[in-house]
Amino acid sequence: MTAVNTVLVVGAGLAGTGTAILLAARGVTVDLVEVDAGISALGSGITLQGNALRVLRDLGVWEAARAEGYCFDSVGLRAPDGTVLAEIPDARTGGPDLPATLGMPRPALARILIDRARDSGVKLHFGLSVTGLGEAGDVTFSDGSTGRYDLVVGADGIRSTVRRLLGIETGPRPTGMGIWRAFGPRPASITRTDLCYGGPCHIAGYCPTGENSLYAYLVEDAQDRSGLGPVERLETMRQLASAYHGPWDEIRAALDDPARIHYTWFETHVLPAPWHRGRVVLIGDAAHSCPPTLAQGGAQALEDAAVLAELLTGHDVVDERLWTAFTDRRYARAKAVVDASNQLGQWLLDREPGDVPGLMRRITELVSQPA
């Protein structure tokens, strides 16, 4: 007996596909709608730490993800000239039988999860969005059709339509940082994430995402870069990257495709508890978003999915007892991760050293325990 028989999941990101897979695998009828027409073939990479990998294993996609990604168990610190300052073993927050970190292309992970959802019996609807919503589970879609569900899961990202339709005003705000990202070939010398603090950027880093791919990033004070064309964006990133050496010399030499350069601002928010309104609940970036300074955004979305699915299939009814359990297990944990991610960024913006080791140790201990 489960608390729900029919569920609508809005959004095909990590939180949405994760929830859909886990519910469908336990006999729940799941519709998943995604406003985009399909899975994009383009995109940068994603860094997934052990607590995210633990959920991927529960979803039945860990082996597929590992085959397309790149595993590593340490992080390096470098000076701008490329000198290695420290090599730090990374905590295996998913347990000793999983690597500390997996880097992989975002589109590859999206495809793996969508394939798993389809195989689990999830009904997928691309190019469809929600235009009307009632707390009783009544839904109107962009094609004019309607439906009624035992539960609606808003997993539609940081600009959540579901959140807006619920009349919730809490939303993302800029943190003061901007990030340049580039996706390209992996030099043989890069076998883990290395971070450089100093030079013209707050952080210059990279993450291997496969045998032949990586994504590299430069974090700066947030600026209005909207007036730059594709070629100007490429030249700006190349110019900023010219201050960094070692593996960055090889990365910079391969920066030749404007279509693979992206610039965005860091944003953050945490929706006050509870995250549900009637029979509608928000999870993932719709409920909480953090800058990638801790590389925990994807992990927290997957944890939301795992906990929500566990509770929905372990209770007989959707009631306040279920929602209290969900809030108790997710709100404080997700907020702690968001707050810590923002604190790391603020120390960089303020040019203050801060207790980075203490903060990292505290969050590592937190996420090493299953959500």
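View 1. Arginine 351 is exposed, with a relative accessible area of 60% (exposed means over 50% relative accessible area, buried under 20%, partly exposed in between, using a 1.4 Å probe and protein chains only). This is a predicted model, in which local features need pLDDT of at least 70, side-chain atom pairs count only at pLDDT 80 or more, and totals for chains, interfaces and linings use all residues. Residues are numbered from 1 along each chain as its sequence is written, and side-chain values use heavy atoms, with hydrogens and water left out. The loop that holds arginine 351 runs between helix H9 (320-349) and helix H10 (356-368); helices (H or I, at least four residues) and strands (E, at least two) are DSSP runs, numbered from the N terminus. Arginine 351 is a residue other than glycine, yet its phi is positive, near 55 degrees.

View 2. Helix H1 covers residues 14-25, and its end C-alpha atoms are 16 Å apart. That agrees with the 16 Å that its 12 residues should span at 1.5 Å a residue, because the expected span is 1.5 Å times one less than the number of residues. Of the 12 residues, 11 are buried, so H1 is largely enclosed by the rest of the structure. Among the buried residues are Leu14, Gly16, Ile21 and Ala24. Just after H1, glycine 27 has a positive phi of about 95 degrees.

**View 3. The crossing of H1 and H4.** The axes of H1 and helix H4 (residues 106-119) come within 9 Å and cross at roughly 25 degrees. That makes H1 roughly parallel to H4 (angles under 35 degrees count as roughly parallel). The axes are lines fitted to C-alpha atoms, for helices over the stretch in contact, and angles run from 0 to 180 degrees between N-to-C directions. On the H1 side, Leu14, Thr17 and Ile21 meet Leu109, Leu113, Ile114, Arg116 and Ala117 of H4; contact means heavy atoms within 4.5 Å.

**View 4. Threonine 17 within H1.** Threonine 17 lies in helix H1 and is buried, with a relative accessible area of 1%. Its side chain reaches the backbone oxygen of glycine 13 at 2.7 Å. Leaving out residues up to four places away in sequence, threonine 17 touches Gly11, Ala12, Leu32, Leu113 and Ile114.

**View 5. Arginine 111 in H4.** Arginine 111 lies in helix H4 and counts as partly exposed, at 33% relative accessibility. Its side chain makes a polar contact of 2.4 Å with the side chain of glutamate 68. A polar contact is a pair of N or O atoms within 3.5 Å; within protein, one must be able to donate a hydrogen and the other to accept it, and residues adjacent in sequence count only if both atoms are side-chain atoms. Arginine 111 also contacts Ile39. The C-alpha atoms of arginine 111 and isoleucine 39 are 6.8 Å apart, although 72 residues separate them in sequence.

**View 6. Threonine 313 in H8.** Threonine 313 lies in helix H8 (residues 297-314) and is buried, with a relative accessible area of 17%. A polar atom of its side chain lies 3.4 Å from the backbone oxygen of glutamate 310. Beyond four places in sequence, threonine 313 touches Met1, Thr2, Leu23, Arg26 and Val28.

Key
Parallel < 35°, antiparallel > 145°, perpendicular 65-115°, else oblique.
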